Amino acid sequence: MRIVIAGGHGQIALRLERLLAGRGNEVAGIIRDPDQAEDLRTAGAEPVVLDLESASVDEVAAVLEGADGAVFAAGAGSGSGAARKDTVDRAAAVLFADAAERAGVRRYLLVSSMSADPDHRGDAVFDAYLRAKGKAEVYVRSKSDLDWTILRPGMLTNDAGTGLVRLAESVARGAVPRDDVAAVLAELLDTPATTGLTLELTGGQTPVAEATKTAAG
């Protein structure tokens with residue numbers, strides 16, 4: 001498969017790129033900073049320099065042309081303000097979905113967040129983040145031409161992955177290593193029966209492949 005990942009230099013994206021490339025897939029990662037390109041090549045991905053905050057739908061669709069799947073793993077980052085939560089976590093996800101639709105790429109994975117809610121209240125930056133993610137989810141769900149799956153991880157950690165998770169439409173709040181988030185995303189790409197599902201993810205006791213199969217029904 002050819003998979004295009006938005007936010008290609010993110011911590012989850014780099015892990016996912018290594019996994020997908022290691023399985024023989026062709027992987028491209030969209031980045032804004034050309035200085036990050038070598039990190040993507042090391043992970044086995046083709047770097048594509050494109051700013052999703054200013055790119056057009058046609059520009060992004062050109063990158064997605066011929067892909068078998070699109071993964072939105074971009075984020076404004078912990079040091080950003082509320083305005084960039086909207087331009088990246090919401091608007092860039094919307095742009096990427098529109099571009100996937102235009103390019104004819106049906107499989108679309110959105111990395112969201114547990115507690116994402118378009119009507120979430122609060123004035124803190126994290127509140128703006130949860131609203132932005134929630135609005136992105138609503139938009140992606142409206143795309144009938146996309147075979148979408150939304151993944152909502154709990155608190156992300158850099159602990160070594162265990163390969164054991166809880167994955168379902170609703171799970172108790174908890175943490176999850178970024179390694180295991182990447183592993184679940186890779187499994188979701190190979191599990192089209194999860195189309196149309198919004199799944200929450202934390203660390204757990206079930207192997208990733210089994211948990212994904214169970215979630216798919």
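Tyr129 counts as buried at 18% relative accessibility, where buried means under 20% relative accessible area, exposed over 50% and partly exposed in between, computed with a 1.4 Å probe on protein chains only. The structure is a predicted model, in which local features need pLDDT of at least 70 and side-chain atom pairs count only at pLDDT 80 or more, while totals for chains, interfaces and linings use all residues. Residues are numbered from 1 along each chain as its sequence is written, and side-chain values use heavy atoms, with hydrogens and water left out.

**Aromatic pairs**

- A search of the whole structure finds three aromatic pairs, a pair being rings of Phe, Tyr or Trp (its six-membered ring) with centres within 6.5 Å, called stacked if the planes are under 30 degrees apart, edge-to-face if over 60 and tilted for the rest.
- The rings of Phe96 and Tyr108 have centres 5.9 Å apart and planes at 55°, so this pair is tilted.
- This pair links distant parts of the chain, with Phe96 in helix α4 and Tyr108 in strand β5 (residues 107-111), 12 residues apart; helices (H or I, at least four residues) and strands (E, at least two) are DSSP runs numbered from the N terminus.
- Phe96 and Tyr108 are both buried, and together with Phe72 they form one aromatic cluster.

**Helix α5**

- Phe126 and Tyr129 form a stacked pair, 5.5 Å centre to centre with 25° between the planes.
- Phe126 and Tyr129 are separated by about one helical turn because they lie three residues apart in helix α5 (residues 125-141).
- Phe126 is exposed, with a relative accessible area of 52%.

**Gly81**

- Gly81 lies in the loop between β4 (69-72) and α4 (82-103), and counts as partly exposed at 34% relative accessibility.
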